Amino acid sequence: YYYRVGAGRDLVSKQYSFKTVRALDRIENLSFVVMGDAQDDGENQHFAIVADAVAQQHADIDFIVSPGDLPWNDRPGDWWTFFDKGRDLLGQKVFMPTVGNHDTPGNGSDKDATSFRRYFPSLPYVSENAPYYKFSFVNVSFFMLSSEHDELMQQRGEQYRWLDEQLDLYNELRESTADSRTFWSFVMWHIPPYNAGSRHAGRQFAFRDIAQHFNSTVDWFLGGHEHLYQRSHPLNFKPFGLERK
């Protein structure tokens, strides 16, 4: 797709273009970048440098996913800074984010995702209560959740039950396919279920009920919030007295 953005004849952007991946295609090669926690306050921050580097060095990626915390705070000027500094990258790549605590009022966790929904109105939201959704291809699925609603992460929560149903459908399709190794599932939300960082050490062992879906079902979890790079060996979630049916 090729396009320009304008307001009258005198205010017209340069020409941008972006490419989509057909949802009905079976994916054999898929490349994407994970980037989040930009939180650029406009002063001596590096989001523009990172965004420009991704645009130049990874021009062949299919899309971008983000675990949230896009602006410095949920204010119009901070959102403008995010979109302005990332314009050349965001103008040319499909961008699929989840909501973080900086995307809501204040810097603490908040359920108010009004601004997030306003700036990303075309995401396939499932619920009016929280901005969670999925996007998928024949053999690759991304489940994009909100960690700003603690009660929805618990076993009886709306988001938990939705993910349970969606993963069952995903597993049925995968198991009915001759080569299930070509199937991949990714789950993303902002505040990770486990972390090794010191900034949020108090939550270091605070697994959430929804993390039990990782067992033998979810291939990758992608998160943010910690402001450091970390990865782990495969994890299993087994709380006392709780088993996934």
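Visitor: Why is Lys14 called partly exposed?
Guide: Its relative accessible area is 45%. Buried would need a value under 20% and exposed one over 50%, so 45% lands in between. Keep in mind that this is a predicted model.

Visitor: What makes the pairing of Lys14 with Asp88 a salt bridge?
Guide: The side chains of Asp88 and Lys14 meet at 3.3 Å, N to O. The rule asks for a Lys or Arg side-chain nitrogen within 4 Å of an Asp or Glu carboxyl oxygen, so the pair qualifies.

Visitor: What makes you say that this pair links distant parts of the chain?
Guide: Look at where the partners sit: Asp88 is in helix α3 (residues 87–90), while Lys14 is in the loop between β3 (11–12) and β4 (16–17). They are 74 residues apart.

Visitor: Buried or exposed: what do you call Asp78, and how do you know?
Guide: Asp78 has a relative accessibility of 8%. That is under 20%, so Asp78 counts as buried.

Visitor: How do you know that the buried residues of α2 line one face of the helix?
Guide: In helix α2 (residues 76–85), the buried residues are Asp78, Trp79, Thr81 and Phe82. Seen down the axis of α2, they fall within an arc of 155°, so they line one face. On the other side of α2, Pro76 and Trp80 are exposed.

Visitor: What covers that buried face?
Guide: The cover includes α1 (47–57), α3, β7 (94–97) and α4 (114–119).

Visitor: Why does His149 count as buried?
Guide: Its relative accessibility is 3%, which is under 20%, so the label is buried. You'll find His149 in the loop between β9 (140–144) and α5 (150–153). Leaving out residues up to four places away in sequence, His149 touches Lys111, Asn129, Ala130 and Pro131.

Visitor: How do you know Ser127 and Glu158 meet, and through which atoms?
Guide: A polar contact joins their side chains at 2.5 Å, and that distance is within the 3.5 Å cut-off. Along the chain Ser127 and Glu158 are 31 residues apart, with 8.8 Å between their C-alpha atoms. Setting aside neighbours within four places in sequence, Ser127 is in contact with Arg117, Tyr132 and Glu158.

Visitor: Where is Ser127, then, and why is it called buried?
Guide: Ser127 lies in the loop between α4 and β8 (133–136). Its relative accessibility is 7%, under the 20% limit, so Ser127 is buried. Gly108, in the loop between β7 and α4, has 41% and is therefore partly exposed. Between the C-alpha atoms of Gly108 and Leu123 there are 24 Å, and 15 residues separate the two along the chain.

Visitor: How do you know whether the radius of gyration agrees with that of a compact globule?
Guide: With 245 residues, a compact globule would have a value near 18 Å; the protein has 19 Å, which agrees. Along its principal axes, the C-alpha trace spans about 65 × 45 × 35 Å.

Visitor: What makes up the fold, and how much of it is buried?
Guide: There are six helices and eleven strands. Buried residues make up 43% of the 245. Of the contacts with a separation of 6 or more, 70% come from residues 24 or more positions apart. The accessible surface is about 14000 Å², and carbon and sulfur atoms hold 51% of it.

Technical notes
Residues numbered from 1 in each chain as written. Predicted model: local features only at pLDDT ≥ 70, side-chain atom pairs only at ≥ 80, totals over all residues. Heavy atoms only, no water. Helix = DSSP H or I, 4+ residues; strand = E, 2+ residues; numbered from the N terminus. Buried < 20%, exposed > 50% of the residue type's maximum accessible area, 1.4 Å probe, protein only. Contact = heavy atoms within 4.5 Å. Arc of directions from axis to C-beta. Rg over C-alpha atoms; globule rule 2.2 N^0.38 Å. Areas by Shrake-Rupley, 256 points an atom, 1.4 Å probe, with all protein chains shown as cover. Polar contact = N/O pair within 3.5 Å; in protein donor to acceptor, adjacent residues only side chain to side chain.
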